[in-house]
Amino acid sequence: MAAEQSKAATRQDGLGPFQEGQLAVHTADPAAAPLVLGLVPDPVGYFVDREQQLALAAALEGGGGGSAGGDGSVTGRLLTGTGGAGKTTLAASYCRGLIVGGDGPDLVMWVTSNSTPAVTGAYAEAARTLDLAEAGEDSDHAARRFLGWLRSSGRDWLLVLDDVQSPGSLDGLWPPRDAKGRGRVIVTTRSREGDFAALSGYSFLQVGVFTPGQSLSYLRRTLGAGLAAPPADDDLAGLAEDLGHLPLALSRAAAYLEFFPSCSVSRYRRLLADRRLGLQRLTPGVRGSTVSTSVAALWDISIDQADLHASALARPLLELAAFLDGTVGIPDGLFTTEWALEYVGERSEQAGTVDALDCEHALATLNRLNLVDHSPAADGSDEWLVRVHQLIQRAVREHSGTGESGHGLWNGSAAVAAANALLDVWPDTETDQQLAGRLRAHAGVLSAFDQDDPDHWLWRDSHAYLVLFKLGTSAGASGDARWACRHFEVISVRAEGCLGADHEHSLAARHQLALWQSASGAHTAAVETLEDLVARHTRLSGSETPATLVLRHNLAVALGEAGDTTAAVTGLAGVLAARRAADVDRGQILATLHNLAYWKRAAGDAAGAAVSYRTLIPEMEEEFGAEDERTLTARHNLARCVGEAGDPLEAVALLTVLAPIQNRVLGPLHPRVLTTRHSLARWQGEGGSPDAAIDSYRALLVDMRAVLGADHPQTLAARHNLGHLRAASGDVEALEDLNAVAADQARVLGSDHPDTFASRRSAAFCLSQAGAKEDALRMAEAVLSDQQRALAPDHPGLLAGRQDVAILRGLAGDFPSAVMELHLLLPELAQVFGPGHPLTLSALGRLSDWAAVTGDVGAAVDGCSALLTAVEDCLGRDNAAWLTVLDKLAMWRGHAGDPAEAIRLLTQMLDGARRLLGDQDPVIPVIEGNIAHWRGQLPTTGRITGPGAGTPDGPRQ
């Protein structure tokens, strides 16, 4: 009874202060060990050190800004994160460290705080344990006594409030912000709403998933001893990735593997990938536990709570997100599209129309509860993204679907709505490549769902399956033509099965397949697919309907890309005539004229194509606008034609004007802008500025890798061109880079792709430049052997490979073989490329040179005469190539015994050089010196033909 009187005597208004010695009732030596109230969770089998552990300790020790208010001595932190992130584990680890550390607080109290009554009851029980309240005293009153004791006892205490659902649930129950003693508070919650910080006075500490290194460390330690053979690190790292590095998921997966030791990690990963098996089976809770410890159940509780605060709209929004890629971030505008609003309204059964504000509120609720992360994009744009953990997505699908498979009515509807909403936010022109990559990732999730879905819900809707088309075309445009080709092979079969072979979208899928077959180098397959499509369309609607003409147009282009440029020009001319006769839209006629000019250039008539473009571009500016992408593309192609017609300097000038316009209209990192920069570097190199070109290529590659990726075909092509230019400039170290790009092209494009062959050919050329001519010839012969196996006999790449071998034979000293091969090759080059193509002209030039070296000066004269005619016919006389050929022909005419003709040709050359280069150019006195030399060889002074066949020692050429 004396003890009762003592307690009564020390109370003031029922709330304290209390005597310092009160804890002595429970421990004889308060400094030896703290009083522990509540159940601190047991330690996990292996605790992973995390940066949040250090941040929490720093905050609670007073060094991390965790003080609740002013000069008070209470410090605290709000641990927030999604369910299963390890918040409770971190808090429990900190508690146990104080309990066993020998210098801990007087009181450690753990409160499971998922409801207001639970917290009130725990506080009241603590008051009774501390003899602050009578056994039968009202719990609310007893709880207030305990809070008063925390404030005024002068004791050192730690209070953990675990799993607080909402800030309002602790109204009147928040620990004091000031205390006479030292107070520490840890709150764990899945919410991050600002009211938590406002009411508690503490800052948030975000607890996310493990890092890959932490996941690997955890699985090594957890599974290393339990399984018969230690799993390989690659398997463990893959498992961690599959589970999104979520600590709870990793622990439950480890428990599953320990329970079934015969199940290997690789087999478990296969089970996890099987959508027919649910998370409930593969990440089960603790057996016999009365609390929800399975991954799926944990989040189901949070989603139900979100629905309570968001008029039942939270779960439908998560259902939409569950069919997209939650890792890369979903554009938040997707959730307020008409498709999304319609789905959410129907799914929630909410009375009245659901509007964008309703969905924004629901999204904010999900964000507050850490079920999603809604934050600005990291690229500095104005876009906000929604991220969702992959296991939350899976749990949502399994909850909404029928059984474990994740399929069923609502999942089908959610996938359809997500697909249509994604199409709504997908721009027609992809100028932001990071955004395009994210959108492809989302469409990839829908594609995977469609592959697994036996009911093919996307194809039941008249619109949703078009997201699969968008995925393929976007992937192809990003540079992955082979992936796009494989994708449309699948889509074509799926479309015919679901829609019928003659459905417009089945035919469209086949059309896309053909386009990407051609882009990936499978030109023969592309031609076959397009020929089949032309036949189908002709059967269904006739040969000259707009749709059939589009296919005929693309078939002509495919024939050109397969190497038959004559068929391309003929086919396009037929399409042009049909379109003009049908009086179709002028834009279609201009598009055909554009392609006709392009293939005229490819057929060897670059000068004629340039004339066509100069006529076409003003018409395109009038029809489409001067800054329309089609008009700008035509201007780019004009520059190419001008360069290939022998005037690289004008090509540089045209592209220099074009580049800033494209920069402004399309953005500096648009793929077409990069293409223009690529062309500009090419013509800088061919225009006599190799150093500037090399610098341009190097700067371009930095942006190409950032925008297109290191494996994009255009990036690989730029690497090849840079290496080729360096090799031509005498940089023998370029050989290593050319071999590397050839290996990358073989990996990305395939070993039989023309670009791969081109890089291997350039490597052989570089080897020859380094002086290893025999090795270079063997390398070129090996490339040619592979080309002959993989390519058609008239393929441009194969003809170029034959020319390489002939040239390298000549450079290695085998002039007769080189001359023989070039004689055989020339007609084929002229037929496929045209008489004015650089390859054809190069072969003619080499043929005349080496014929002379073999002693056949007459053949050299004939070759040079043919070369001059081709240059004048195709390139005209206002170019450096014409001057060079005149120079050579004059030399061989003179050595063939006709100095008068040599003088005539050199005089013509002198006039042209003065007109093109000016009187002060260094070449002028050289030409004048050569004229003087041959004047000295006229019959009146005696004819001198030189000491050897084709190697004059007098004139300077």
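Student: What counts as a helix or a strand here?
Tutor: Both are DSSP runs, numbered from the N terminus: helices are H or I with at least four residues, strands are E with at least two. This is a predicted model, where local features need pLDDT of at least 70, side-chain atom pairs count only at pLDDT 80 or more, and totals for chains, interfaces and linings use all residues. Residues are numbered from 1 along each chain as its sequence is written, and side-chain values use heavy atoms, leaving out hydrogens and water.

Student: How many residues has helix 5, and what is its reach?
Tutor: Helix 5 (residues 139-152) has 14 residues. From first C-alpha to last it reaches 20 Å, close to the 20 Å expected at 1.5 Å a residue. The expected span is 1.5 Å times one less than the number of residues.

Student: What follows helix 5?
Tutor: Gly154, with a positive phi near 80°.

Student: New topic. How many salt bridges are there?
Tutor: The count is 48. The rule asks for a side-chain nitrogen of Lys or Arg within 4 Å of a carboxyl oxygen of Asp or Glu.

Student: Which residue pairs with Glu644?
Tutor: Arg601, with the closest N and O atoms 2.9 Å apart. Glu644 is in helix 28 (residues 629-644) and Arg601 in helix 26 (residues 586-602), 43 residues apart.

Student: Are Glu644 and Arg601 buried or exposed?
Tutor: Both are buried. Buried means under 20% relative accessible area, exposed over 50%, partly exposed in between (1.4 Å probe, protein chains only).

Student: And Glu686, buried or partly exposed?
Tutor: Glu686 is partly exposed, because its relative accessibility is 49%.
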